[in-house]
Structures are given as C-alpha cells and as structure tokens.
Amino acid sequence: MEKVVQTGGCLCGAVRFQVTGKGSNPHSCSCRNWQLGTANAPATYRSSGYSSRGFCAACGSSIGAIDDAPTVALLVGSFDDAAHAAFAPEYHSFEDARPGWWPVASVAAR
C-alpha cells in the first residue's frame, strides 16, 4: 500500500507539519472557534472543555483543532495541496450556525 504524505503550515512558514496516512472525517464546519488570532509549533487556545485550537503565534494563521480524544483536525487551507480529493467534505458540522449564503453541497459517492 502506498504511503500518503501531506505537508502544510501557516502563512508565514513558522509552523510546518507533515501527516502520514489516510485522514478520516473530512467535513466543513460553521463553528465560531476559528476566529482566533512559538514559531515551529502552533500556539493553542483552549476553546471548549474537550478541544484546543492551534494557530501560528507569529502570523495568526489557524492550523486546526486538537481534541482531548486525541484527535487532530487540520484545516484544509493549511495544507500545501488543498485541492487533494481526500479533503472533499463528507458532511457539515455546526449546521445550525451555517450562514444562509453557504450552500450545503451534496456529497459525491467515493
């Protein structure tokens, strides 16, 4: 089986990451927790009782979420190849907070 490696980081390049393997649970989200403004590692902000948000302390770019489970959820826009087919969302979380102008796309069969 081919090893899948994806790379990414923040806008200024101070935070870089590499992930190996197939991700799971790709989705879009309308939660308000990404509205937050240590080089080489993301700074974190505890946003709820079970999760922290990761961001670059130098440029403020959001990187993703780190849940206590532990689950690491990385933002599609933080990847170098954001057009990769594996990032296509399968559902939308926090649907009740979705702005009316944001259409919910139908999920194509994989």
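Predicted model: local features only at pLDDT ≥ 70, side-chain atom pairs only at ≥ 80, totals over all residues.
How exposed is R16, going by its relative accessible area? I started my notebook there. R16 comes out partly exposed, at 45% relative accessible area.

Entry: I looked for salt bridges and found that the structure holds three.

**Entry: R16 and D80.** I checked what R16 pairs with, and D80 is its salt-bridge partner. The closest N and O atoms of these two sit 2.6 Å apart. I then looked up D80, which has 48% relative accessibility and so counts as partly exposed. Buried would need a value under 20% and exposed one over 50%, so R16 at 45% falls in between.

**Entry: D68 and R46.** Next I turned to D68, whose side chain meets that of R46 in a salt bridge, 2.6 Å from N to O. I wanted to know where the two residues lie: D68 is in the loop between β6 (62–67) and β7 (71–74), while R46 is in strand β4 (residues 43–46). The pair therefore ties together parts that are 22 residues apart in sequence. For accessibility, I noted 47% for D68, which makes D68 partly exposed. R46 is partly exposed too, with 42% relative accessibility.

**Entry: E95 and R98.** I read off 35% relative accessibility for E95, so E95 counts as partly exposed. R98 has 25%, and that also counts as partly exposed. The cut-off for buried is under 20%, so R98 at 25% doesn't qualify as buried.

Notes
Residues numbered from 1 in each chain as written. Heavy atoms only, no water. Salt bridge = Lys/Arg side-chain N within 4 Å of Asp/Glu carboxyl O. Buried < 20%, exposed > 50% of the residue type's maximum accessible area, 1.4 Å probe, protein only. Helix = DSSP H or I, 4+ residues; strand = E, 2+ residues; numbered from the N terminus.
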